[in-house]
Amino acid sequence: MNDKKNEEKSKSALLKEKLFVQKKHGCRKAGAETVAKADEFCEAYKTFLDNAKTEREAVAYSVKAAEKAGFTEYDNKKSYKPGDRVYVNNRNKALILAVIGKNGTHNGVRLGIAHIDSPRLDLKPNPLYESNDLAMFKTHYYGGIKKYQWPCVLLALHGTVAFKDGRTINVRIGDEENEPGFCVTDLLPHLAVEQMSNVMTKAFNGEHLNVLIGSRPFGEDEESESVKLNVLNFLFEKYGMTEEDFLSADLTLVPAAKARDLGFDRSMIGAYGHDDKVCAYPALMAALDTEIPERTVITVLVDREEIGSDGNTGMKSTFTADFIADLAIAEGEETRHVLAKSTCLSADVNAAFDPTYASAYEANNSSYINSGAVITKYTGSGGKYSTSDASAEFMAEIRRILDDAGVIWQTGELGKVDGGGGGTIAKFVANLNADVVDLGVPVLSMHAPMEVVSKLDVYMTYRALYEFYNAK
Ligand code: MN
Ligand code: MN
């Protein structure tokens with residue numbers, strides 16, 4: 001009786017194994033050796049994060065790493081052979097890395113595209129003012145933020161100032177312990193009766209995001225605005241800039257904190273800007289590690305994704321297609337034929353299931369921390385608006401590539417169907433007439449000053465991109 005029952009149980013267990021999607025903790029699937037590799041990979045990723053809080057810094061870091069790995073600046077007058085490695089720096093805010101394949105562009109190219117901009121507080125063009133003996137910056141937030149998350153967070157000032165004489169300087173102050181930081185203030189709870197009774201969008205609006213930057217006056221004279229003058233005097237002495245130079249500057253306030261391991265087991269990383277450096281770094285590493293692929297491999301680190309991809313350094317710009325055209329033409333191919341045969345992993349994050357906010361998610365179609373790289377067939381909102389939807393055939397190809405290489409992956413939608421929504425650069429790539437699907441890292445607290453990812457998922461995203469780049 002007992003034996004028969006066990007036999008039946010094992011028969012259905014076997015059938016389950018064959019027919020069901022296998023649910024097992026990603027760390028068990030991966031094994032200790034792979035988990036150790038993920039931890040090692042993420043040590044370098046944390047260094048990247050601390051040095052790439054803005055798109056400009058991400059480009060500078062990536063160019064340096066690429067040059068060290070044998071990439072040279074692309075020259076459309078030169079001809080290239082399989083294994084050659086080139087890059088195109090678009091205005092120091094976006095970057096293309098290409099490794100020429102055995103078949104060049106003939107069968108299409110393989111694209112990996114991630115964005116290197118993250119939500120933050122940009123300075124307004126006329127930012128500096130004094131009010132009640134305090135010097136402040138007016139900011140204009142960039143990207144989708146929950147404004148209440150930004151007061152009382154230590155901030156650092158990053159960016160570039162361009163002068164009329166052609167000089168540019170890079171600014172980076174507030175990240176190091178011995179440097180001064182900045183912050184947005186908040187109202188004390190004792191006086192916040194009205195504020196706390198507001199809905200969140202009213203309690204904190206864009207004009208509340210003023211940054212405290214100084215409080216002492218300049219000199220002894222009883223001049224007006226002498227606290228503002230003191231700040232300008234500091235800026236002039238340190239950077240040679242005057243108030244008008246703010247007009248030709250890209251300056252932004254970002255969280256000052258460095259990337260940190262999270263959890264007693266150090267399995268996760270808490271940091272600013274995982275979205276989408278957590279895919280940009282794996283894409284960069286996959287490009288650097290690719291030697292002679294079958295098809296030409298093109299990695300693009302784009303800017304402007306967080307505000308809709310508009311602008312000359314974003315995905316709606318023609319610069320990526322123009323570069324593919326340059327390669328195609330040099331090889332005697334028609335660009336439109338190359339694009340039609342091209343495939344792309346749009347490497348971007350997805351929302352990881354958060355048990356504290358479980359009601360925002362649909363558990364069967366969410367991505368989970370430690371379950372590997374997440375493939376998102378479509379994003380968008382409502383009835384699949386504003387998104388491309390990867391074809392069944394292309395999904396099958398990606399499944400094959402990842403499974404054959406033992407990459408741990410999962411699938412997920414962005415929360416409940418009518419819960420909101422969002423998009424990635426995938427639809428702009430699809431509009432070029434290429435095949436594309438989103439693949440990336442699940443993130444907790446997305447767009448917050450500190451976002452959370454798992455180390456295993458970061459490594460699996462690298463593995464996925466590498467295997468895609470090097471597939472036959
Ligand atoms: Mn993103
Ligand atoms: Mn985002």
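I take buried to mean under 20% relative accessible area, exposed over 50%, and partly exposed in between, with a 1.4 Å probe and protein chains only. By that scale I read Lys-124 as partly exposed, with a relative accessible area of 22%.

**Ground rules.** I am working on a predicted model, in which local features need pLDDT of at least 70 and side-chain atom pairs count only at pLDDT 80 or more, while totals for chains, interfaces and linings use all residues. Residues are numbered from 1 along each chain as its sequence is written, chains are lettered from A and ligands numbered from 1 in the order in which they are written, and side-chain values use heavy atoms, with hydrogens and water left out.

**Overall form.** I looked up the secondary structure and found 13 helices and 23 strands in the protein chain; helices (H or I, at least four residues) and strands (E, at least two) are DSSP runs, numbered from the N terminus. The radius of gyration is 24 Å, close to the 23 Å that the globule rule gives for 472 residues, so the chain is as compact as a globular protein of that length; the radius is taken over C-alpha atoms, and the rule is 2.2 Å times the number of residues to the power 0.38. Along the principal axes, the C-alpha atoms fill a box of roughly 95 × 70 × 40 Å, and 51% of the 472 residues count as buried.

**Salt bridges.** I count a salt bridge where a side-chain nitrogen of Lys or Arg lies within 4 Å of a carboxyl oxygen of Asp or Glu, and the structure holds 25 of them. Glu-207 and Lys-124 meet in one at 3.1 Å, N to O. Glu-207 lies in the loop between helix H6 (200-203) and E10, and Lys-124 in strand E5 (residues 120-131), so the pair ties together parts that are 83 residues apart in sequence. I also noted that bridges with shared partners join Glu-43, Lys-46, Asp-261, Arg-266 and Lys-455 into one network. Within it, the side chains of Lys-46 and Glu-43 meet at 3.0 Å, N to O, and both residues sit in helix H3 (residues 32-51), three residues apart, about one turn of the helix. Lys-46 is buried at 11% relative accessibility, whereas Glu-43 is partly exposed at 42%.

**Surface patches.** I used residues with over 30% relative accessible area and no salt bridge, joining like charges within 9 Å and nonpolar side chains (Val, Leu, Ile, Met, Phe, Trp, Tyr) within 5 Å. Accessible areas come from the Shrake-Rupley method with a 1.4 Å probe, and for residues only the protein chains shown count as cover. Leu-15, Leu-19 and Phe-20 form a nonpolar patch with about 340 Å² of accessible area together; Leu-15 belongs to helix H1 (residues 2-19) and is partly exposed at 47%.

I found a cis peptide bond between Asp-275 and Asp-276, with omega about 10°, and placed Asp-276 in helix H8 (residues 274-289). Lys-384, although not a glycine, has a positive phi of about 60°; this lysine is in the loop between strand E18 (380-381) and helix H11 (392-404) and is partly exposed at 42% relative accessibility. His-447, likewise not a glycine, has a positive phi of about 70°, lies in the loop between strand E22 (442-443) and strand E23 (451-454), and counts as buried at 16%.
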